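Good morning, and thank you for coming.

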Amino acid sequence: MALLEIRNVVRRFASFTAVDGVSLSIEVGEFFTLLGPSGCGKTTLLRMIAGFDAPDEGDLLLDGQSLRGIPPEQRPIHTVFQSYALFPHLTVAENVAFPLRMAKVVPDEIRRRVQEALASVHLLEKQKHLPHELSGGQKQRVALARGLVNRPRLLLLDEPLGALDAKLREDMQMELINLQKTVGVTFIFVTHSQAEALALSHRIAVMNQGRVEQLDEPSRLYGFPRNRFVADFIGKINMLDATVTAVAADRLLLEVAGVGAVSAPLKAGVQSGQTGVFAVRPEQVQLLAEHADAPAAANEVRGRILDFLYIGDVTTYLVQLSDGTRLEALLPNSAPGRAKFFEAGDPVILRWSAEVGVFLHE
Amino acid sequence: MSKLAPATITRWVVSGPPTLFMLLFFLAPSLIMVLASFRYPGAFGGLAPVFGGGRPGEDTGLTLENYQFFFSDLLYTEIFLKSLLIALISTLACILMAYPLALLIARSPKRHRDLMVLLVILPFASNFLIRVYALMILLGPQQALASTINGVLAAFGCAPVSLLFSTFAVVVGMVYVHLPFMVLPLYTNLEKHDPTLLDAAQDLGASAWSRFWRVTFPLSLPGIFSGSALVFIPVLGMFAIPDLLGGTRDILIGNLIKDQFLGTRDWPFGSMLSIMLTVVVLALAGLAARLGQRKRDGGN
Amino acid sequence: MRRSAVLWSVSLAVYAFLYLPLVVVVVYSFNDSRLNAEWVGFTLHWYRVLFSDDEMLGAGANSLLIAFVSATFATLLGTMAGIAMHRFRLRALPLLVITPVAMPEILLGVSLLIFFVQVLNFTLGLFSVLIAHITFCVGFVAIVVRARLAGMDESIFEAARDLGATPWQTFRRVTFPLILPGVIAGALMAFTLSIDDFVITFFTAGVGVHTLPLQIYSMIKIAVTPEVNAVSTLLMTLTLGLIILASRFAPDALKGAA
């Protein structure tokens with residue numbers, strides 16, 4: 001039995017439907033992520049799980065029991081708020097002790113468990129401090145310790161890394177993964193950052209306009225986006241208008257605008273004559289000088305470098321095809337001190353293997 | 001001689017006039033009052049001349065007699081204690097009435113809040129004598145309130161009481177006149193509370209009652225302290241309300257001081273009483289500031 | 001749900017407590033009876049009595065004159081003090097200006113009484129009342145003006161200087177227009193405080209001058225007459241008008257001040 005089952009949940013507000021028929025089941029011990037742009041309904045869904053909001057239709061079941069009518073304070077579900085929501089008048093230790101006090105745990109036990117929880121987030125030496133004396137990362141860790149100390153069945157994390165700077169965010173990601181592994185509590189994580197979602201999650205539900213667009217493991221989500229929205233939202237991708245010309249036993253044959261005939265991986269349910277887009281990621285596109293002496297491959301097209309963007313580890317090249325179509329390709333900068341292999345205006349050959357790229361008709 | 005920098009000139013031009021005015025009409029009179037509290041009364045009441053020689057028979061030296069007299073007669077200590085008690089009761093009553101109202105306003109939709117606050121301020125805009133007078137009418141013996149209470153008392157065979165001209169009326173008057181001073185700082189504090197703190201408390205298992213006592217109330221202590229200072233201190237020096245609403249025995253510090261200056265005309269003794277009142281007020285203000293500061297450090 | 005019902009009922013009771021006495025005063029001012037006891041019938045008699053009471057009218061005129069003059073001077077000095085307190089790190093001025101606001105009024109009243117009579121050898125009257133009113137109003141104006149300045153982005157003044165304005169031009173064209181709502185609110189507040197003041201006037205007026213609050217006090221101290229209801233109603237209408245005016249000019253100043 002799933003730990004949390006979300007059954008066809010609908011939540012409407014005056015002017016729009018925030019959550020529109022979402023069904024998900026989250027397993028024990030999972031690190032589950034709700035990913036989507038702001039306004040996609042992920043926070044509303046989280047608030048319904050926590051108990052601050054109730055579905056208009058559908059139901060939420062924890063361990064098979066409906067959560068309907070159970071107020072937040074009685075659910076074994078805790079939340080790490082985006083703003084951390086640490087009580088400003090209580091010390092770090094008192095903040096962490098709060099849920100134990102509410103649960104009327106005996107004082108000795110409270111003391112022991114607070115120490116344990118603070119140790120797990122490396123904040124023992126800050127326990128007498130007040131929240132305003134802590135850095136952003138430390139506040140974040142107090143909020144985590146407070147949410148976990150009473151061993152909830154489920155920990156909800158609402159964009160908890162949003163307020164941290166880039167470097168700290170990466171460190172916290174590592175810490176989150178380790179913490180979740182150690183305590184074994186099921187995490188439901190809400191974010192609009194695809195990078196965060198890919199790095200942390202066991203499974204990701206991509207949400208858009210109140211619906212789940214795709215539910216998958218991170219690598220499958222990135223490799224096999226189900227539709228244009230997911231392809232576009234997760235990572236960078238080139239999308240070109242395409243028509244299916246033939247469905248072979250092991251591949252699809254496409255006519256792609258600006259490129260011509262392209263051979264792409266087979267996809268279930270696709271029929272000859274269907275129109276849609278062919279999507280291929282920049283790092284899957286090889287870039288070669290025009291006169292390079294390389295064997296011709298299945299998928300190949302000529303173009304001219306329009307512009308490039310040096311990022312450090314890689315350089316992104318914007319290539320224009322003869323009909324004006326633009327494609328992005330990415331080359332790693334393995335040679336130190338060298339920012340680019342091509343200049344704007346250079347003629348190039350773009351090439352990708354028949355194993356990469358995906359045809360999307362939704 | 002070096003030329004003065006323009007910034008220095010600006011500084012003196014802007015801050016000079018108000019500083020001089022307040023030195024002359026606030027600080028100097030206050031210091032003279034301190035001096036007066038160590039002197040003898042004049043031959044015709046008031047105070048023996050501060051500067052220049054006195055009339056024959058007037059003692060223009062300094063004395064501790066006024067202070068000694070204050071402490072030699074328990075009556076004065078009693079009046080000070082009674083004033084403190086009335087101020088305390090009035091402040092507590094204000095807290096009890098203002099807190100629910102301030103909380104309601106702070107939790108109301110934003111667009112309603114300004115109006116609700118304005119409704120608290122409006123009565124405070126009418127002259128305070130008028131408000132006291134309004135209470136005199138309402139608490140008067142022929143009004144519904146008094147007749148109802150005396151009707152109930154009569155039913156139990158008790159003698160009728162007078163609502164007006166009693167300590168009760170004094171406290172009601174003090175609360176009525178000062179209530180907005182408690183509502184406003186409380187509301188300003190409560191309005192700033194982050195509502196997610198209450199969500200967090202609820203999420204972590206706190207019932208409605210615990211959310212109030214463990215989150216809202218401790219966070220509102222600075223508001224309670226500043227409101228209390230704004231009620232307690234004026235109540236302590238008030239003489240008009242006991243004068244108009246109190247009975248003959250409802251004499252507070254303010255009435256005592258007023259009588260020294262306008263009644264018995266013993267100004268040195270009145271000055272001494274004023275100094276004692278100042279000391280009490282400063283001590284209380286210092287206490288409130290320290291309490292408020294400590295809570296603020298822990299608070300926002 | 002239950003909790004908010006409790007909040008609502010307590011709050012409504014508090015609002016009723018605040019307004020009921022005032023409503024009674026207004027209603028009885030139109031009551032055709034010498035006693036403030038029960039409703040007899042509608043009359044404008046008490047307003048007629050009021051408008052033929054020369055002492056009361058004289059007191060009213062005095063109050064207006066005192067309020068106007070003292071508000072003018074208090075606004076001038078208070079605005080300077082507010083600016084000075086904001087701009088310069090001063091120690092003495094805030095204490096000098098704010099302390100009279102925080103102390104019980106009676107203390108300022110009696111200390112000025114001693115000062116005028118004993119030190120300056122004044123005959124108490126209009127002038128002593130004016131000085132006293134200015135003294136306690138300066139602090140209120142200063143607080144409002146400083147609050148207005150504190151809420152402003154410092155960099156706009158630097159921007160003005162950066163764009164070539166002299167300090168005086170900066171004040172004339174940037175600072176003053178920006179603090180003007182605060183100054184107006186402060187002026188209205190000083191006016192209301194002065195016209196309403198009883199305690200300080202009580203000690204500094206002597207027998208020389210009568211103001212409206214002094215007149216009301218002596219009337220209600222001796223006997224309750226419905227004429228007081230009438231004058232109260234008129235005064236309430238006046239202050240209500242001033243409040244509305246003040247909230248037009250500087251809604252924040254009202255809150256900051258009260």
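In this predicted model, 71 residues of chain B are in contact with 67 residues of chain C, where contact means that two C-beta atoms, placed from the backbone, lie within 7 Å. On the chain B side, the largest share, 20 residues, is supplied by helix H1 (residues 6-36); helices are DSSP runs of H or I with at least four residues, strands are E runs of at least two, and both are numbered from the N terminus. Sorted by class, that side of chain B holds 54 nonpolar, 15 polar and two charged residues. Here Ala, Val, Leu, Ile, Met, Phe, Trp, Tyr, Cys and Pro count as nonpolar, Asp, Glu, Lys and Arg as charged, and the others, Gly among them, as polar.

Let me turn to chain C itself. Its assignment, of the automatic or database kind, gives domain 1 (1-43) and domain 2 (46-257). Taken over C-alpha atoms, the centres of these two domains are 30 Å apart. Each domain gives eight residues to the contact between them. On the domain 1 side, these are four nonpolar, three polar and one charged.

Finally, chain A. This chain contains eight helices and 20 strands, and its C-alpha atoms fill a box of roughly 75 × 50 × 35 Å along the principal axes.

On conventions, residues are numbered from 1 along each chain as its sequence is written, and chains are lettered from A and ligands numbered from 1 in the order in which they are written. Local features need pLDDT of at least 70 and side-chain atom pairs count only at pLDDT 80 or more, while totals for chains, interfaces and linings use all residues.
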